[in-house]
Amino acid sequence: MEFIQSIKPILAVLIPLAVIPVLVSSGGRPNVREAWTFIAGILSFALVVSMVPAVLDGNRIGLTLFPIAPGADIALSVDALGMLFALVASSLYIITAMYSIGYMRGLNEHSQTRFVAFFALAISATIGAAFSANLITLYLFYEILSLATYPLVTHHQDEKSKVSGRRYLTFILGTSIGLVLPAMIWCYHATGTLEFSAAGIFTGQLSTPSATVLLLMFVFGFAKAGIMPVHTWLPAAMVAPTPVSALLHAVAVVKVGVFSIIRVLTGIFGVELLSSLGLGGLVAFIASVTILTSSAIALSQDEFKRRLAYSTIGQLSYIVLGAALLSPKGMTGGILHITMHAFGKITLFFCAGAIYVATGKKYLSQMVGIGYRMPVTMTAFLIGAMSIIGLPPTGGFISKWYLVLGTLEGDQAVMLFVLLTSSLLNAAYFMPIFYKAFFCTQAEAMFERKFDEAPVMCVVPLVITALISFIFFFVPQPFLKLSTLAVTGFTGG
Amino acid sequence: MIHYPAIVVIAPLVGALIAGILSFVEERYAYPAALIATGISCAAAVRDLIYVAGHGPIAYHMGGWAPPMGIEYRIDTLNAMVLVLITAIAFLNLAASWPNIKQEMPDRSPSFYAMYLLFVVGLTGVASTGDLFNLYVLIEITSLSSYTMIALGDRDRGPISALNYVFVGVIGASFYLLGVGYIYIKTGTLNMAEFATMIPTLQDSTTILTAFILCIVGVFIKMALFPLHVWLPNAYSYAPVGFARIVAPLMTKVMVYVMVRLMITVFGLDYIFIKLHIADTLVWLGTIAILAGGVMALAQTNLKKMLAYIIVCEIGYMVGGAWLGNDLGLTGAVLHILNDGLMTFALFLAVGNMVYKLDRVQIKDLKGLFAKMPWTMTGFVLAAFSIVGVPPTCGFFSKWYLILGAFKAGAWHFAAALIISSLICAVLFFKVFEVCFFESPDTHDGHGSDTHGRHTTVAIQEAPAISLAVLGIAGISLIVVGMYSKTIVVRLIWPLLSS
Amino acid sequence: MKLLSLIVVCLTGGLLLYGTADLPDWGDPNAPASLHLSNYYIENAIRDTEVPNLVTAVLADYRSIDTMLETAVVFCAGLACFLLLRDFTPKKDHHYRHVPTGVILHVKNPDRQVIVGNEFEDMDKEWLPPDTIIKTVCRMLIPFIQIYALYVVAHGDFSPGGGFQGGVILGSSFILLAISYNLKYLLKRVSEKFLGILSAAGVLVYMGIGLAAMVLGGNFLDYEKYAPIFGEHHIRALGMLGVEIGVGMSVTAVMVIIYINIVSEGKHDEGL
Amino acid sequence: MTELFMLIAAKYNYCLYVILMMIGLYAMIAKNNLMKKLVGMNIFQTAIILFYVSIGFKHNATIPIIMGDHGHGGHGAAINAADYMNPLPHVLMLTAIVVSVATLGVAMALCVKVYQRYQTLEEDELRMRLSEKIKL
C-alpha cells in the first residue's frame with residue numbers, strides 16, 4: 001500500500017479540458033468536432049483503465065498540484081472508490097458522445113458546439129472529483145461541475161428552461177455555498193486538515209451534537225445526491241436534451257453528489273466515529289424516507305423522463321443507505337450500485353431519448369403498443385428496467401444482493417423492509433410501461449406494426465449499455481473487486 | 001543603491017507632465033508617453049517586490065535625510081504587493097481603455113491621460129510613503145484627480161455626483177489631517193516607524209485615542225464603509241468607463257491598505273486590540289456593510305450601480321476581516337485586497353466593453369449578450385464566479401481565510417454574513433446571466449422566444465481586440481493568483497504579521 | 001435634515017474637545033511638539049543648508065518630496081480646470097465696434113469674420129468701456145508687482161517668501177491685467193498654450209533637479225550630489241533656489257489658467 | 001470653577017479652532033446652496049490650518065528665521081531653540097493651504113459645470129430638475 005507519484009490522474013482530467021478549445025475552433029465542421037470528442041473520450045478512458053491494475057493490487061496513484069493552505073492543497077489521488085467512479089464516468093462518456101450525435105442531429109438542435117464543449121468540461125470536472133485526494137479538491141470540482149452543467153440544462157434557452165435553470169441553481173449552488181462551505185471550513189478549523197483518511201480526521205474533539213449538525217450539513221449540502229428535501233431540481237432539470245439527462249443526471253452529476261457523501265462519511269468522519277456516535281442510523285433513516293417517497297411519486301408521473309428522474313432519486317438513496325449501514329457488505333453493495341445503477345439508468349434514458357427522436361412522444365400514455373414499432377429499444381428498456389429493479393439476469397441484482405446482506409449483517413430489519421418494498425415499487429412503475437408496449441390489444445395500439453427504429457447512432461449505444469448491464473451479472477469483476485477493496489480500506493483500516 | 005521605490009512614484013509623475021505638455025504641442029504622442037510611464041512604474045514595482053521578498057524591507061530616505069528629519073519611503077512585503085497590483089492594473093487599463101476614452105472625450109483625451117497618470121502617482125505614493133503628512137498630500141492628489149475625472153463622465157449627472165464626492169472626500173481627508181495633527185502634538189514626530197516606538201509610553205492618553213478615532217473615521221469615509229458610502233455608487237457609475245475601471249478596483253482597496261498600515265505599523269496590533277475595545281463593534285460594522293451592500297445591489301437595475309454596491313459589500317469583507325483580531329482574519333483581509341482588486345478590474349473591463357458596444361447599461365438592455373459578445377461575457381462570467389467565490393478563482397481563497405478567521409475568533413455573525421453575501425452575489429449575477437443568455441436580442445420585452453429549436457444566429461459584435469486581450473489577461477490572472485495563493489500568503493503576508 | 005446635521009456636528013465637536021483635554025497649553029516652550037524634531041531643525045538647519053529661513057529650509061530640503069507633490073497638486077488643479085471647463089466649440093455670433101465712428105456691428109453667422117485691427121475692435125457682449133483711469137494706473141502698477149513677485153521667489157531663503165507666495169503674486173499681476181483690460185487682451189499676450197506648458201514645465205524643473213541627484217548617485221532630491229558640479233559652497237541653498245523657481249513657474253501658470261477658465265466658462269472669449 | 005476657567009484660558013486656541021471647524025462642518029452638511037457649501041468647506045479647512053499653526057507658537061519666541069551672525073557654517077554662537085518658533089507646522093500648513101486652494105478651484109469649476117447644465121445651484125431645485133430629467 002504505497003503512494004505512486006504519477007501524472008496520469010491529472011492527464012485524465014486535463015484531456016477533456018484541453019479538447020475544448022479544439023472543439024470550439026472546429027465548430028464549423030461537425031464531423032471533425034465529433035471526431036475530436038471521441039478521441040478525448042477514448043484517450044481519457046484508456047488512461048483511467050491503465051491505472052486499474054496498480055489500484056487493484058492496493059496502492060494509490062496521486063500528485064499534489066497547488067498548495068492552498070497548510071494541510072489542504074489541490075491534490076489528486078486515485079484509490080479504489082475513485083477508480084470505480086472514474087471508470088463508470090469515462091466509459092459512459094464515449095457511449096453518450098455517440099448517442100448525442102444521433103440525438104442532436106436527429107432534432108437538429110441549435111449551437112451544438114457550445115453543447116459539446118460544456119459536455120467535455122462537465123466530464124473533466126467529474127473525473128477530477130473522482131480522483132480528488134481531499135475535501136477542498138472535491139469541493140473545487142463539485143463547483144465547476146455544477147456551473148458547467150447550467151448551460152447544458154438550459155440548452156433550449158426558452159422560458160421553461162429558464163425557470164428550471166433558476167431552480168437548478170438555487171438548490172445546487174445555494175446548498176453547496178450555504179452548507180458545504182461552512183461545514184468544510186468548520187472541519188478545517190477543528191482539525192487543521194481535510195485529507196480523506198481511513199480513520200477519519202476527527203480525533204475525538206467533536207461532541208455528538210456538533211457532529212450531527214456537521215453531518216447533516218454535509219448530507220443536505222451535497223444537493224446533487226438528491227436527498228428528499230433538496231431533490232426538486234432533478235425533475236425540473238429534465239427539460240434538458242436527453243443526452244444531458246442521460247449522462248449527467250443518471251451518471252455524472254448525481255453520482256458526484258452521492259460520491260461526495262460517501263467520501264465524507266468514510267474519509268472525514270470515519271466508520272468507527274459514525275458507529276460509535278450512532279449517526280449511521282440517522283443517515284440511513286433519511287435515505288429510506290427518500291427511497292420510499294420518491295418511488296411512490298414515480299408511480300404517478302406520466303412524463304417518461306420525470307418518472308425516470310424520480311426513480312433516480314430513489315436509487316441514489318440506495319447508495320447512501322448502503323454507505324450509512326456501516327457494515328462491510330452493505331457498503332460494498334452501495335458502492336457497487338453506483339456502477340449498476342449507472343448502466344441501467346442510462347439505458348432507460350437512452351430509450352426515452354430514442355422514442356422522442358423517433359416519434360416525438362414524451363408522455364407514457366401516448367406510448368401504448370410502441371413495442372411493435374421499436375422492438376429493439378423496448379427490449380433494451382426491459383433489460384435496463386430489470387437491472388434497476390434488481391432481477392437476477394442483470395447486474396442490478398448483485399448490488400441489491402449485497403445491500404440486503406448488509407442490512408442483515410447490521411441486523412437492521414427496518415432497512416431490509418425498506419429495500420424489499422422499494423424493489424416492489426420499482427417493479428410497479430417500470431413493468432406497466434413494458435407490458436403496455438408489447439401486450440396490448442390491436443384496438444389500443446397507437447403504432448402500426450411497421451419496424452421503424454430511431455436513427456442508428458441512437459439505438460447502438462442503447463444496445464451496448466443494455467448488454468453491459470446484462471454481462472455484469474456474470475462478470476462484475478473489476479467493479480466488485482474495486483468496491484470490496486474500497487470497503488476493506490474504510491473498515492479494515 | 002536601489003532606487004525602485006522612488007521610480008515607482010516618479011515615473012507616472014514624469015509621464016503626467018510630459019502628457020500635459022504634449023496635449024498642447026503634439027497630441028498624438030500623449031498616449032504612448034502615458035503607456036511608457038506606467039510600464040516603467042510597473043517594472044519598477046515588480047523589481048521592488050522581488051527585492052523585498054528576498055531581502056526584507058527597503059527604507060528609502062528622500063532627499064538623503066534620515067527618517068525623523070526627512071521623509072522615508074518604507075517598502076515591505078505588504079505595500080510591495082499592493083504597488084504591483086496598482087501599477088499592473090494601471091498599465092493594463094491604459095492599454096485597454098483608449099477606444100473607450102477616444103469615444104467618450106474625443107477632444108481632450110491627451111490631458112485626460114495626464115490626469116489619469118496623476119491619479120496613478122497618488123495611488124502609488126499612498127501605497128509606499130512612510131510619513132503621515134505625506135500620506136495626506138498623496139490622498140489629496142488621488143481624490144483631486146478622481147473628482148475631475150468622475151465629472152467628465154455622464155453629461156447630466158457626472159458633475160453633481162463629483163461635487164457630492166468632493167464634499168465627502170474633503171471631510172474624510174480633513175479628519176485624517178486632524179488625526180495627524182493630534183499625533184504630532186503629542187509626540188512631535190510625523191514618521192510612522194518612529195511614532196510606533198513612542199506608542200507604548202503613551203498608551204492611556206486621551207489625545208492618542210482621539211487621534212486614532214479621527215484617522216480611522218477619515219480613512220473609513222474615503223473607503224466608503226457602509227454608513228459613509230453614500231457617494232460611491234453615483235461616483236463610480238457616472239464616471240467615464242476608462243476611469244471607472246481603475247478607480248473601482250484600486251481607490252477603496254488602497255484605503256483599506258492605509259487602514260491596515262495604520263493598524264500594524266503605526267498604532268501597533270497590541271495597542272489596538274488590547275487597549276481599545278472597538279474591535280468587535282467594527283466587525284459588526286463590517287457585517288452590516290456586507291449585508292446592506294448585497295441587499296442594495298439586489299435592488300439595482302443599472303449594471304454599473306450594481307457593481308458599485310458590490311464594492312461596498314467587499315469593503316465590509318476587508319474591514320470585518322482585519323478587525324477579527326487574529327492572524328487568519330488579517331491574512332484574509334490582506335489577500336482580499338489583492339483578489340478583490342483583480343476581480344473588480346475584470347468585472348469593470350467587461351462592463352467597459354459592453355458600454356463601448358451597447359452604450360446602455362440597464363440590465364434589461366443586455367439581451368442576448370452571450371451570442372453577441374461571447375468573449376466579453378466569458379470574462380464577465382469568470383469574474384462573477386470569482387466574486388461569488390467558486391474555487392478555481394481567487395475569490396474563494398480569500399473567503400476561505402476570512403471564514404477561518406471568523407471561526408477562530410468566534411465571530412459567527414461575520415461568517416454567516418460572508419456566506420449570505422456569496423449567495424446574494426450568486427443571485428445577482430445569475431439574474432444578469434439570465435437576461436444575457438435567454439432573451440435573444442430582437443424579441444420585444446417580456447417573453448423570451450420559447451419556440452423550441454428556432455433561434456436567430458446573432459452576428460458577433462465584439463469589443464476591440466486590445467480590450468479583449470486585456471480582459472483575457474485579467475481572467476487568467478484571477479485563476480493563477482487563486483492557485484498560487486499559498487505562496488502569496490506564506491511568502492508575503494505571514495512575515496508581515498510575525499514582525 | 002438640519003437638526004440631524006446639527007447633532008452630528010455637535011457630536012464631533014464634543015469628541016474633539018474631549019481630545020484636547022491633555023494637550024499642552026498654548027505656546028508653552030516645552031510642549032512635546034516643539035522639543036523633539038523642531039529643535040533639531042532650529043539648531044542645525046543653518047549648519048546643514050546655510051539657509052536662515054528655517055521654513056524654506058524644511059520645505060525645500062528636508063521635506064522636499066512633500067513640496068514636489070504639492071506642486072503636482074497645483075498642476076493637477078490647473079489641468080482639472082482646463083479639462084472640465086474648456087470647450088472648443090466656436091462662438092456663434094460676434095460683436096465688433098468700428099473705432100472711428102463708434103458703430104457696433106453684430107455678425108451672426110460664425111464663418112464671416114471681421115479683421116480686428118485699428119479700424120475694428122472686438123467687443124464683449126456686456127461690454128463696459130475700459131475706464132482710462134483704471135487702464136493707465138494698472139499699466140503702471142503691473143510691472144512693479146511682477147518685480148516684487150520675482151523678489152519674493154528669489155529671496156525665499158533669507159526673508160519670508162518662496163515659490164508659492166511669489167508665484168501667486170506673479171499670477172495675480174496677470175489677472176489684474178485681465179480685469180483692467182479684457183480677457184482677450186491678456187490671451188493675446190499670454191496664450192493658453194504657453195500657460196499649459198509653463199505649468200507642466202515648473203514641476204518638470206523641480207523633478208529634473210531631483211532626478212539629476214539620482215543620476216549623480218544620491219537619493220531622489222538629494223542636493224549634496226551636485227557638489228562636484230557647482231562647488232561645495234552653498235550647494236543646498238542653490239538646489240533650493242532652483243526648486244523654488246520651478247514651484248513659482250507652475251503656481252503662476254495655474255493661477256492664471258484657473259482664473260481664465262472659470263471666468264469665461266471655458267470659452268476664452270469674454271471674461272469679467 | 002476657576003481651574004476650569006484657567007484650563008479654558010490656557011487652551012483657548014483649541015476651543016477656538018473647534019468652534020470654527022464646527023461652523024464649517026455645519027455649513028457643508030446643512031446648507032442648501034452649493035456655493036455656501038463651498039464657503040463652509042473653506043472655513044472647515046482654514047480651522048485645521050489655524051489648529052496646526054497654533055501648535056508651533058512659543059511664548060516670547062521670534063519667527064523661525066535665524067538672523068545675524070549665526071550664519072555661514074554655524075561656527076557662530078550656538079542657537080538657543082527656545083527663542084525661535086517651531087518651523088514644522090508652518091511648512092505643513094503651506095502645503096495644506098495649497099491643497100485647500102486647489103480643492104476650492106476644482107469644486108468651483110464643478111459648480112460652474114453644474115450651473116451650465118441646470119441653471120441653478122440650489123440643492124432642492126437641482127434634485128427636482130434631475131428627477132424630471134429622468135422622466136422625460
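**Exercise 1.** Compare the span of helix α5 (residues 135-153) of chain A with the expected one, in this predicted model.

*Solution.* Helices are DSSP runs of H or I with at least four residues, numbered from the N terminus. Helix α5 of chain A has 19 residues.

Residues are numbered from 1 along each chain as written, while chains are lettered from A and ligands numbered from 1 in the order written. Because the model is predicted, local features need pLDDT of at least 70 and side-chain atom pairs count only at pLDDT 80 or more, but totals for chains, interfaces and linings use all residues.

**Exercise 2.** State how many residues of α5(A) are buried.

*Solution.* A residue is buried if 20 or more other C-beta atoms, placed from the backbone, lie within 10 Å of its own. In α5(A), 18 of the 19 residues are buried, so by this definition the helix is mostly covered.

**Exercise 3.** Describe the contact between chains C and B.

*Solution.* Residues are in contact if their C-beta atoms, placed from the backbone, lie within 7 Å. Chain C gives 46 residues and chain B gives 51. On the side of chain C, α4(C) gives the most, with 14 residues.

**Exercise 4.** List contacts of C:Val73 beyond its neighbours within four places in sequence.

*Solution.* In chain B, the partners are Val137, Glu140, Ile141 and Leu144. In chain D, they are Val98, Val99 and Ala102.

**Exercise 5.** Find how far chain A lies from chains C and D.

*Solution.* No contact joins chain A and chain C; their closest C-alpha atoms lie 39 Å apart. No contact joins chain A and chain D either, with 31 Å between their closest C-alpha atoms.

Definitions and conventions
Contact = placed C-beta atoms within 7 Å. Helix = DSSP H or I, 4+ residues; strand = E, 2+ residues; numbered from the N terminus. Expected span 1.5 Å × (residues − 1). Buried ≥ 20, exposed ≤ 12 C-beta atoms within 10 Å, placed from the backbone.
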